[in-house]
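Open the model in a viewer and follow the selections below in order.

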Amino acid sequence: MNANQASGIAVRRVLMIAGFLGASGIMAGAFTAHGLETWLIDQGYEEVAAKRVGQADVSVRYHLLHAVALVAMAAVAGHYNRGKYLTIITLMTLGTLLFSGSLYLLVALNLPVMGAITPLGGLAWIAAWIMVALPRKSND
């Protein structure tokens with residue numbers, strides 16, 4: 001397998017991850033907009049329902065933003081060496097799972113302790129975005 005083939009496989013995997021995150025983000029957004037508040041009230045969380053809907057909305061927003069960012073990263077894969085590229089993709093994906101995932105669990109289970117995990121996702125995203133901004137290849 002040559003470098004172009006390996007790069008193509010990596011890009012296809014990134015697009016698969018982006019597609020999954022995009023689809024799941026749309027589903028989470030639809031539920032947040034059209035059923036979450038009622039569901040929370042039905043679960044007995046009426047006193048925190050509005051706050052939890054706001055938290056879910058933030059989670060969905062960042063979830064979808066990073067799905068789109070992964071598509072953009074697939075488009076510019078050739079501008080990064082393989083190791084740095086895969087690190088950026090891993091950090092963006094991990095950031096989404098930690099940030100949005102912890103907020104989804106916090107909201108669904110009314111478990112505020114999950115909020116302690118959320119900043120770890122934010123830190124992963126910050127690291128990824130800093131890596132995006134730094135020089136791409138040694139000859140840049």
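Select W125 first: with a relative accessible area of 4%, W125 is buried (under 20% is buried, over 50% exposed, in between partly exposed; 1.4 Å probe, protein chains only). The model is predicted, so local features need pLDDT of at least 70 and side-chain atom pairs pLDDT 80 or more, while totals for chains, interfaces and linings use all residues. Residues are numbered from 1 along each chain as its sequence is written, and side-chain values use heavy atoms, without hydrogens and water.

Y62 and W125 form a stacked aromatic pair, 5.7 Å centre to centre with 20 degrees between the planes (ring centres of Phe, Tyr and Trp, the last by its six-membered ring, within 6.5 Å; planes under 30 degrees stacked, over 60 edge-to-face, the rest tilted). Y62 lies in helix α3 and W125 in helix α5, 63 residues apart (helices are DSSP runs of H or I, at least four residues, numbered from the N terminus).

Now show α3 (residues 49–75) and α5 (residues 118–133), whose axes come within 13 Å and cross at roughly 30 degrees (lines fitted to C-alpha atoms over the stretch in contact, angles from 0 to 180 degrees between N-to-C directions). The two helices, α3 and α5, are therefore roughly parallel (under 35 degrees; over 145 is roughly antiparallel, 65 to 115 roughly perpendicular, the rest oblique). Select Y62, H66, A69 and M73 of α3 with W125, W129 and V132 of α5 to display the contact (heavy atoms within 4.5 Å).
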